[in-house]
Amino acid sequence: MEISSKENTQFFSNNTILPVDRSSFKSESSASKEKQSCCGGIKIFLGALSFVYFAKALSGSYLKSTITQIERRFDIPSSLVGVIDGSFEIGNLLIIILVSYFGAKLHRPRIIGAGCLIMSAGTFLIAMPQFFMGRYRYERFPSTINSTVSISPCLQDKSQTPLSALEKSQAKINAGCEKEAGSSMWIYVLLGNLLRGIGETPIQPLGITYIDDYAIEENAALYIGCVQTVAIIGPIFGFLLGSLCAKLYVDIGFVDLDSVTITHKDVQWVGAWWLGYLIAGVISILAGIPFWFLPKHLPKPESRKDSSTSSEQSKFIAEDNKDQHKSYQQQVKIAEMAKDFLPSLKNLFGNPVYILYLCASIIQFNSLIGMVTYKPKYIEQQYGQTSSKTNFVIGLINIPAVAFGIFSGGLIMKKFRISVLGAAKLSLGSSFFGYLLLLSLFAMGCENSDVAGLTVSYHGTKQMTDYEQALFSECNSGCACSKNDWDPICGENGVTYISACLAGCQASNGSGKNTVFFNCSCVGTLQSPSRSSSAVVGPCQKGNECPKMFLYFLVISVITSYTLSVGGTPGYILIAKCSQAGIPAPVYFGVAIDTTCLKWGSKRCGGRGACRLYDSSALRYVYLGLTLVLGTVSIFFSVAVLWVLRKRSSPQDETLSANGERGTCGTKSRKDNFVNSDRLIQTTYWPEKETRL
């Protein structure tokens, strides 16, 4: 019985132990499953966010590639195009603080998904004017339009022109006047870009903080780096898409392409700018779909539950996990959040390093944003390149150089464990050498094309003063010509003439792109006054030295982009969040560029249209000069930042940094000041930072 009793006791004791072991096993199993669920969920979110970054970078860069196309299609000046371009940042600025500060309490993935829908709606809206404003009409003399009627370009006697042809021409002008209201449809492009800015606002602040909240701490930086890397690919595809669409005629699918009498090399050519926006809009819709099926919260990793580091969600909003089942009104306590906002803002602007660096970065980004916005126009006008080739070069050469520069800067920071003071030195040095390289581009420009009556007189002398009166000369005095026309032809003497009429051409042969003009009295005056010569449709090519200068420009431009990008990484977090003040840059850059115009186009019912020809030298000095002046001012502010950091740092701090510790701020209180500043900085995102450099 004793044995039996002992066996029973042992049996029951074993039974009492077994449930404990199973419970422990279950807890370990659930923890393992929770970890797997966490990792799986965050990786799905990471993939979706990377695709969104790609989509928004693609649409943003595509907009840059279509700046000149939009200007020609709507017949508007560069200053107005600058307003359209800056409307994106205006839309972003309208709701960035609300989204970043209060959005973390809401369903972040769904807010990002809604943002993608708004972004795609804005992208589609940009393309809509193409379907409502009628077909594109470029300036062409009737003799170059495919027809059986032969009309002399120089209308010495209007009675020689068939009445039916004059009536048809007048009817086209009247039809153009009836549809002239379509030129105001650029407002829809502005509103669409504004919507794009509103839609893209939640992607960066809410997406990055979602990763920061639910990713394992040692993996968070890697995940964010992956997102930014994918974002760099977007501009490459955006500019390549812009290059492809620029080769297609604007009304492709709506008109017979054989009837088009201009080529993509013509200054009046407008590519299928709207097509890329439709593609970008579809991509934005697809990118937003996964976010509607992602959870509001993911299981937090164990290492994050007791971590002192936190994102905006835990930094600004005291989240009560015990009351998750309360209503929305009880969860979101706006008064409490607003109470913490002003003290955080006060601490932020009380930091002299931040204020000085803010000024430096605002001025620097005004410089870079203006330069990048009008870089396609500069290449087209300065070096005589087509829009298609310009976009191809920027997408395939410049953007990869920027990506490699950012990677190199990060590698240098990690390998040499550079401190805050060292980062400021690296940023200042790269900016200095970058703008120094930019200075060399002043010597790499092309001379003005020889255009009779604009850059050269009909007798071959340079430096025209009053170009409007100089358009008329003795050689074309007997012709009934208009000074507002822009239908350039190239004389066999290598000089461009604004129109066949102003060239004094008496006859023509052929039609469309193959038209040849004969007996052009003004063409012969430059070589032999007694000899009349011929001309062909389209402007003459720039000088023989221009292709070589363009090659030099590309080399220096790539090196400059790389140099500036290397210095961008050390101050990346700070720079990339405070560029909303870059909004005016495209506007005043556009106004300055408009002052260099030699020949303005005319709208069909009167009024000034888009610029047809720029003064190459003046454009070079204005474009590069404005960029360098702003860059130089930013360098002075960067020197002030370096001086303040050096003054605040102590030898002990630099010793710690050399031994692998981060930062030059040794005391805890100093670190706290920077923590508050850095967290609030994250709420002001620099939109389209992937496309600006």
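**A friendly note on this predicted model**

1. Take helix α15, residues 375-383, next. Is it enclosed or open? Buried residues make up 9 of its 9, so the helix is largely enclosed by the rest of the structure. Directly after the helix comes Gly384, whose phi is positive, at about 65°.

2. Now look at how helix α23 (residues 616-648) sits against helix α14 (residues 352-373): the two axes are 8 Å apart and the packing angle is about 160°. The two helices are therefore roughly antiparallel, and their crossing is left-handed. Sorted by class, the residues in this contact are 15 nonpolar, 8 polar and 1 charged.

3. Helix α4 (residues 108-127) and helix α6 (residues 186-200) have axes that come within 7 Å and cross at roughly 165°. For this pair too, the directions are therefore roughly antiparallel, and α4 makes a left-handed crossing with α6.

4. Back to the rings. How many aromatic pairs turn up in a search of the whole structure? The search finds 21. One to look at is Phe74 with Trp273: the ring centres lie 5.7 Å apart and the planes meet at 65°, so this pair is edge-to-face. Phe74 belongs to the loop between α2 (67-73) and α3 (78-102), while Trp273 is in helix α9 (residues 273-288), so the pair ties together parts 199 residues apart in sequence. Both Phe74 and Trp273 are buried.

5. The next residue in that loop deserves a glance as well. Asp75 lies between α2 and α3, and its phi is near 55°, a positive value in a residue that is not glycine. Most residues other than glycine have a negative phi. Is Asp75 buried or exposed? With a relative accessibility of 14%, Asp75 counts as buried, the cut-off being under 20%.

6. Asn519 is found in strand β4, residues 516-520. With a relative accessible area of 43%, Asn519 is partly exposed.

7. Two side chains place a charge over a ring. Which residue lies over the face of Trp600? That is Arg608, at 3.8 Å from the ring centre. In the other case, Lys56 lies over the face of Tyr53, with 4.7 Å to the ring centre.

8. Finally, have a look at Pro586, which is part of helix α22 (residues 585-594). Pro586 is buried, at a relative accessible area of 1%. The C-alpha atom of Pro586 is 8.8 Å from that of Ile84, although 502 residues separate the two along the chain.

Conventions:
Residues numbered from 1 in each chain as written. Predicted model: local features only at pLDDT ≥ 70, side-chain atom pairs only at ≥ 80, totals over all residues. Heavy atoms only, no water. Axes fitted to C-alpha atoms, helices over the stretch in contact; angles between N-to-C directions. Helix = DSSP H or I, 4+ residues; strand = E, 2+ residues; numbered from the N terminus. Parallel < 35°, antiparallel > 145°, perpendicular 65-115°, else oblique. Left-handed = near helix turned anticlockwise from the far one by under 90°. Nonpolar A, V, L, I, M, F, W, Y, C, P; charged D, E, K, R; others polar. Phe/Tyr/Trp six-rings, centres within 6.5 Å; stacked < 30°, edge-to-face > 60°. Buried < 20%, exposed > 50% of the residue type's maximum accessible area, 1.4 Å probe, protein only. Lys NZ or Arg CZ within 6 Å of the ring centre and 35° of its normal.
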